[in-house]
Amino acid sequence: MERFYTALNRFDAYLLLHRLQHAGIRAHVFNEHVSSIVGEVPPDIAQPQVWLVNERDRPRAEAVLAALARERGQSGGNVFCRSCHEENPANFELCWHCGASL
Ligand SMILES: [Zn+2]
C-alpha cells in the first residue's frame, strides 16, 4: 500500500477512487469519516487520502488523475445520479459516489 493522493474532501477522494477502479487499479480511501474533527488535527491527517494497493500502478494512476484534472477545467452545471441520486458535475461520465454511468 502506498499513499497516492490527498483529497480536498470525500467527493474528491471518491471521484478519483472510482476512476482508478474503472481503470482496473486497486485503491482505497482512508480518513473518509474524520471531517468532523478538521481543525483539531493537522489537515494532512484529517483529509481523505487515496492509497494504491500496488505501487506499480502509480504511473497509470497518475494518468487517471491528470485526465480528471483536465475534465475539471471544463465544468458546466450538475447532474444527479440515477442510481444513488448524488450530485455530479455535468461533464462526469461516472458517478463519483457509486460509479454508475451518468
Ligand atoms: Zn451514483
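Q: Which of the elements of the protein chain has the lowest mean pLDDT, and which the highest?
A: In this predicted model, helix α2 (residues 43–46) has the lowest mean pLDDT among the elements, at 56, whereas β3 has the highest, at 94. Where pLDDT is low, the predicted coordinates should not be read in detail.

Q: What is the mean pLDDT of the protein chain, and what share of its residues reach 70 or more?
A: The chain has a mean pLDDT of 83, and 80% of its residues reach 70 or more.

Q: What is the pattern of helices and strands along the sequence?
A: The secondary structure comes to three helices and five strands, and, read along the sequence, these follow the pattern β-α-β-α-β-α-β-β.

Q: Why is one side of β1, and likewise one side of β2, left without a neighbour in the sheet?
A: Three strands form an open sheet in the order β1-β3-β2, with antiparallel pairing. β1 and β2 (27–30) stand at the edges and each has a single partner strand, so one side of each is left without a neighbour in the sheet. On average, and with direction ignored, neighbouring strands of this sheet are turned by 30 degrees against each other.

Q: Which residues lie on the covered face of β3, and which on the uncovered one?
A: Val50 and Leu52 make up the covered face of β3, while Gln49 and Trp51 make up the uncovered one. As for the helix that packs on this sheet, α1 touches β1, β2 and β3, and its direction makes about 170 degrees with that of β2.

Q: How do you know that the span of α1 is close to the expected one?
A: Helix α1 has 13 residues, and from its first C-alpha to its last it reaches 18 Å, which is close to the 18 Å expected at 1.5 Å a residue. Just after α1, Gly24 takes a positive phi of about 80 degrees.

Q: Which residues touch the most other members of the largest nonpolar core?
A: Of the 16 residues in this core, Phe4, Leu16, Leu17, Leu20, Ala27 and Val50 touch the most other members. The elements that give two or more residues to the core are β1 (2–6), α1 (10–22) and β3 (49–52), and α1 gives the most, with six residues. In α1, the buried residues are Ala13, Tyr14, Leu15, Leu16, Leu17, Arg19 and Leu20. Leaving aside its neighbours within four places in sequence, Leu20 is in contact with Ile25, Ala27, Ala61 and Val64.

Q: Why is Ala100 called partly exposed?
A: The class called partly exposed lies between the cut-offs of 12 or fewer for exposed and 20 or more for buried. Ala100 has 14 other C-beta atoms within 10 Å, and therefore belongs to this class. Ala100 has its place in the segment after β5 (87–89). Apart from its neighbours within four places in sequence, Ala100 is in contact with Cys81, Arg82, Ser83, Leu94 and Cys95. The C-alpha atoms of Ala100 and Arg82 are separated by 8.1 Å, although the two are 18 residues apart along the chain.

Conventions. Residues are numbered from 1 along each chain as its sequence is written. This is a predicted model: local features need pLDDT of at least 70, side-chain atom pairs count only at pLDDT 80 or more; totals for chains, interfaces and linings use all residues. A nonpolar core is a set of buried Ala, Val, Leu, Ile, Met, Phe, Trp, Tyr and Cys residues joined through C-beta atoms within 7 Å. Helices (H or I, at least four residues) and strands (E, at least two) are DSSP runs, numbered from the N terminus. Two residues are in contact if their C-beta atoms, placed from the backbone, lie within 7 Å. pLDDT is the predictor's confidence in each residue, from 0 to 100. The expected span of a helix is 1.5 Å times one less than its number of residues. Two strands pair if DSSP finds at least two bridges between them. Axes are lines fitted to C-alpha atoms, for helices over the stretch in contact, and angles run from 0 to 180 degrees between N-to-C directions.
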